[in-house]
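Please find below my note on the model. The points are numbered so that each can be taken up separately.

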Amino acid sequence: MNTHPSRCIRCLSWLRIRSNYASVCLLIIFTGALIQPSAQTTQRRRARPAQPGQEKPFIEPVEMHKAPLRALETQPAQRGRWDTLPELMPINPVHVALMYNSKVLVISGSGNDPNNKDFQAGVWDPVTGTVRTFPIRWDMFCNGMVILPNGRPLVLGGTIKYDDFLGEPRTATFDPTTETFADTAQMSGGRWYPTGTVLGNGSVLVVSGLTDTSSTVNTTVQILVAGNWTPAGTIFSGVPLYPRQHLLPTGQVFECGANRDSKMFDPATNAWFEVATTNLPANRDYGTSVLLPLTPANGFKPRVMILGGVAPNATNTTELIDLSVDQPQWVPGPSMAQARIQLNATILPSGKVVVSGGSSNDENGETAALETELYDPDANSFTTGSSMAFPRLYHSNTILLPDATVLAVGGNPARTVYEPHIEIYSPPYLFNSDGSLARRPLITRIDRDIRYGANFYIRTPHPGDIKSVVLIRPGAATHAFDMEQRLVGMTFTHTNSQLYVKAPANGNLAPPGYYMVFILDSKGVPSKAAFVRLT
Ligand SMILES: [Cu+2]
């Protein structure tokens, strides 16, 4: 039990900030912008969970004490570096999605507190470091979220009741400009823990989730076409909640977890068929899955990696499947250094995958995996990266930001308790070998509207030094899975002043919508992203 009031706890966190952010900390000290809550306040807040109208977030101080002080990273060029931001996330960030204006939509809803009727969402602006929160009309807790071709996040379902959980049939889109939700067509019944997948023509497939009438899985598969839901057959037997799904260049959707028997869904026939069975003899509950980069160099060959998972004790194993061959099979991938459940995996512009968070025992911060691992799909191996300061467990998320860093938020190992610190991972590619910041290639002008199969230009001061140009679809992550992220490489030529880049051939490679364009130089250093719209 914590006998120290929160002043000390806060000090710990400011100390941590001070080590990495001398100037930020001084600013805090001199402006007094962040006032320490009194011990009395802490007692009151610990006595009972936060109620609507009370100060938020409700933070369990013991939880805060578990976070170790992070040592300053001495090898950022090899391991990257995690930093803790001075601002806290004021709501439980159960769902996050990057929008085309570089801001992040954060959805909490009831935030894993059955007594909380003050449903909340927010927008975090990484540039100003501010979060604007606002009430929402229904409980979007445990929804599925994708981003429509018009750039609006689409929320699929949520929660209408806890214990036993019942799913919400409503859907809503979010306008990044006005920062407001608007309800859209209801689904064929509730969906709590559904997965959305944007298809090659921009329609949205929704699968699984508990119904609004019984705590059983919604058996109807649906596709949203032009704002209306159309039936698309039924689910396969044993469909999991939050199925891990990826759109493939064939236009089919690969489903790979947590069930062992991976499936393929064909939107042309609405049929599911068997693909392969995992080597691990257990469902990878709360493991994750990544569609590895689709690039000209690998012939846009779709390969999927599944990592970790299995409750209550996690595995450190991974498996890979090449879906371009006639009879795909799961093969063991390299093992992670640590077992992880509730882990997060985020694709970088370099094509490497940042694996972070999770723990070896589910929802147990004592066994948190703080060290980052970087998976290199070309070498098929992991290297270890810098350590996070905070456990990132159930309901934690990571997404790639437009400056080529990775955002980590949340962690919600028990009801009414969540991790409010925001951490940012700067991957090794942002550093010179002496630890100073690498000089980044610049995108000075770009075509903002790009067309399938057509060339577009990017102006950059040193076109001859650019070795790679990639599109990355902005992420939408929840429950240890990103329903949106994908990296699609592009071929290009250059003149003295610009690059001529060939956009992806079709929507099955890169579904219509907004993308981040990154250019990477001969040292592998990425630019900051420019957003383009692909149609
Ligand atoms: Cu949940």
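The points cover confidence, the metal site, backbone geometry and aromatic pairs.

1. Basis. This is a predicted model, in which local features need pLDDT of at least 70 and side-chain atom pairs count only at pLDDT 80 or more, while totals for chains, interfaces and linings use all residues. Residues are numbered from 1 along each chain as its sequence is written, and side-chain values use heavy atoms, with hydrogens and water left out.

2. Confidence. The chain has a mean pLDDT of 89, and 87% of its residues reach 70 or more; pLDDT is the predictor's confidence in each residue, from 0 to 100. Residues 1-66 have pLDDT below 50, yet beyond near neighbours in sequence this stretch has 101 contacts in the model (contact: heavy atoms within 4.5 Å).

3. Copper donors. Tyr193 (OH), Tyr394 (OH), His395 (NE2) and His479 (NE2) coordinate the copper ion at 2.0 to 2.7 Å. Donors are N, O and S atoms within 2.8 Å of the metal, or 3.2 Å for Na, K and Ca; water is not among the atoms, so sites may look incomplete. The spacing of the donor residues in sequence is Y-x200-Y-H-x83-H. Tyr394, in the loop between β27 (381-387) and β28 (396-400), and His479, in the loop between β35 (476-478) and β36 (481-482), are 85 residues apart and link distant parts of the chain. Strands (E, at least two residues) and helices (H or I, at least four) are DSSP runs, numbered from the N terminus. Tyr394 and His479 are both buried; buried means under 20% relative accessible area, exposed over 50%, and partly exposed in between (1.4 Å probe, protein chains only).

4. Copper geometry. The angles among the four donor atoms run from 59 to 141°, and the site is irregular. Four donors count as tetrahedral if all angles lie between 85 and 135 degrees; four count as square planar and six as octahedral if opposite donors are over 155 degrees apart and all others between 65 and 115; anything else is irregular.

5. Cis peptide bonds. The bond from Asp163 to Asp164 is cis, with omega near -5°, and Asp164 lies in the loop between β8 (159-161) and β9 (166-167). The bond from Ala311 to Pro312 is also cis, with omega near -5°; Pro312 is in the loop between β21 (303-307) and β22 (318-322).

6. Positive phi. Ala226 has phi near 50°, a positive value in a residue other than glycine. Ala226 sits in the loop between β14 (220-225) and β15 (228-234) and is exposed, with a relative accessible area of 77%. Phe300 has phi near 55°, again positive; Phe300 is partly exposed, with a relative accessible area of 25%.

7. Aromatic pairs. Rings of Phe, Tyr and Trp (its six-membered ring) pair if their centres lie within 6.5 Å; planes under 30 degrees apart count as stacked, over 60 as edge-to-face and the rest as tilted. The count by this rule is 14 aromatic pairs. Trp82 and Tyr425 form a tilted pair, 5.0 Å centre to centre with 35° between the planes. Trp82 is in strand β1 (residues 81-88) and Tyr425 in strand β30 (residues 421-426), so this pair ties together parts 343 residues apart in sequence. Both Trp82 and Tyr425 are buried. Phe134 and Phe174 are stacked, because their ring centres are 6.0 Å apart and their planes at 5°.

8. Aromatic cluster. Phe141, Tyr162, Phe165, Trp192, Tyr193 and Tyr242 form one aromatic cluster. Tyr193 is also one of the copper donors.
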